[in-house]
Amino acid sequence: MTDYAVARQRMVAEQLLKRGIQDERVLQAMGKIHRHLFVEEALWARAYGDLPLPIGEKQTISQPFMVAFMTQALELKGNERVLEIGTGSGYQTAILAELAAKVYSVERIRTLAQRAMRRIESLGYYNVLIRVGDGSMGWKEMAPFDAILVTAGAPQVPIRLVEQLGEDGRIVLPVGPSEGQVLRKGTKKGVNVRWTDLGNCVFVKLVGEQGWND
Ligand code: SAM
């Protein structure tokens, strides 16, 4: 086994399993995907650490536990159409691509989107579409979605995203002030959404019409 494979197995065992991640498919995907390939080479030695890392443009790749925790909350079985807001490095996108039928991902910063697209393609995921734009408005043409994951913090729940959720669809997103948010999960039932709070978190800002001002 390579050093990275060992580091990955240790990440799964110590950061995920021990902290209560139980979804076997999520654990498998986290154990499979080469996280170091989503950061610049100077950071490869720290890629499996218990922390977010810089990816350029003042943005970050989220801590592995947070990626696993949010993904688990989406309850993916394999046949879903998923919308991700905030492609960033493309790491979370790859995890979703392993676990769902189709992934639509929106990133507002072109250079990040292009880099992520190259990585995703080189890894052979053909079930991912990435576009540059304001993800706080969702991706109306591709709606409805079975699951929506937002990886940047919004001041309040963006109504357009909720509108693009299908029946029984799940949305997971950080909501609250820029210094710290609450991770919220909504499940759509008819015209209503049932909300639960999953705990505290800190994310970069969701910048856009239904998010923060630039
Ligand atoms: N999931 C990413 C990964 O695995 O690398 C990390 C995402 S990073 C914490 C948040 C991302 O959201 C940043 O890349 C940022 O540019 C993006 N973002 C912020 N506001 C956005 C918006 N309105 N639409 C799309 N992307 C946005």
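This is a predicted model: local features need pLDDT of at least 70, side-chain atom pairs count only at pLDDT 80 or more; totals for chains, interfaces and linings use all residues.

Me: How far is a backbone N or O atom of Val207 from a nitrogen atom of the ligand?
Reply: Val207 is listed among the closest of the 27 residues that surround the ligand, together with Ser89, Glu107, Asp134 and Gly135. For Ser89, an N or O atom of the side chain is 2.6 Å from an oxygen atom of the ligand. For Val207, the backbone supplies the N or O atom, and its distance from a ligand nitrogen is 2.6 Å.

Me: How much of the ligand's accessible area does the protein cover?
Reply: On its own, the ligand has 600 Å² of accessible area.

Me: Which residues have the most contacts inside the largest nonpolar core?
Reply: This core has 48 residues, and the elements that give two or more residues to it include helix H1 (3–16), helix H2 (24–32), helix H4 (91–99) and strand E6 (145–150). Apart from it lies another core, of 16 residues, with Trp139 and Phe145 among them. Inside the largest core, the residues with the most contacts are Leu16, Met30, Leu76, Tyr91 and Ile95.

Me: Which elements are included in what covers the buried residues of H2?
Reply: The buried residues of H2 are Val26, Leu27, Ala29, Met30 and Gly31. Leaving aside residues up to four places away in sequence, Met30 touches, among others, Leu16, Val67, Tyr91 and Ile95. The cover over the buried residues of this helix includes H1, H3 and H4.

Me: Which residue caps the N-terminal end of H2?
Reply: At this end of the helix, the backbone nitrogen of Arg25 lies 2.9 Å from a side-chain oxygen.

Me: Why is the pair of Tyr4 and Tyr48 tilted?
Reply: A pair of aromatic rings is described by the distance of the centres and the angle of the planes. The ring centres of Tyr4 and Tyr48 are 6.3 Å apart and their planes stand at 45°. Planes under 30 degrees apart count as stacked and those over 60 as edge-to-face, so the remaining angles are called tilted. This pair is therefore classed by its angle of 45°.

Me: Is Tyr48 buried or exposed?
Reply: Its partner Tyr4, in helix H1, has a relative accessible area of 28% and is partly exposed. Tyr48 lies in the loop between H2 and E1, and its relative accessibility is 8%. Because the limit for this class is under 20%, Tyr48 counts as buried.

Me: What is the angle between the planes of Phe38 and Tyr91?
Reply: Phe38 is in the loop between H2 and E1 and Tyr91 in helix H4, 53 residues apart, and both residues are buried. Their rings are 5.6 Å apart, centre to centre, and form an edge-to-face pair, with an angle between the planes of 70°.

Me: What distance separates the C-alpha atoms of Ile85 and Ala152?
Reply: Ile85 lies in strand E3 and is buried, with a relative accessible area of 3%. The residues that Ile85 touches include Val106, Leu161 and Ala152. Although Ile85 and Ala152 are 67 residues apart along the chain, their C-alpha atoms are separated by 7.6 Å.

Note on methods
Residues are numbered from 1 along each chain as its sequence is written. Side-chain values use heavy atoms; hydrogens and water are left out. A nonpolar core is a set of buried Ala, Val, Leu, Ile, Met, Phe, Trp, Tyr and Cys residues joined through side-chain atoms within 4.5 Å. Buried means under 20% relative accessible area, exposed over 50%, partly exposed in between (1.4 Å probe, protein chains only). Helices (H or I, at least four residues) and strands (E, at least two) are DSSP runs, numbered from the N terminus. Contact means heavy atoms within 4.5 Å. A residue is near a molecule or strand if one of its heavy atoms lies within 4 Å of it. A polar contact is a pair of N or O atoms within 3.5 Å; within protein, one must be able to donate a hydrogen and the other to accept it, and residues adjacent in sequence count only if both atoms are side-chain atoms. Accessible areas come from the Shrake-Rupley method with a 1.4 Å probe; for residues, only the protein chains shown count as cover. Rings of Phe, Tyr and Trp (its six-membered ring) pair if their centres lie within 6.5 Å; planes under 30 degrees apart count as stacked, over 60 as edge-to-face and the rest as tilted.
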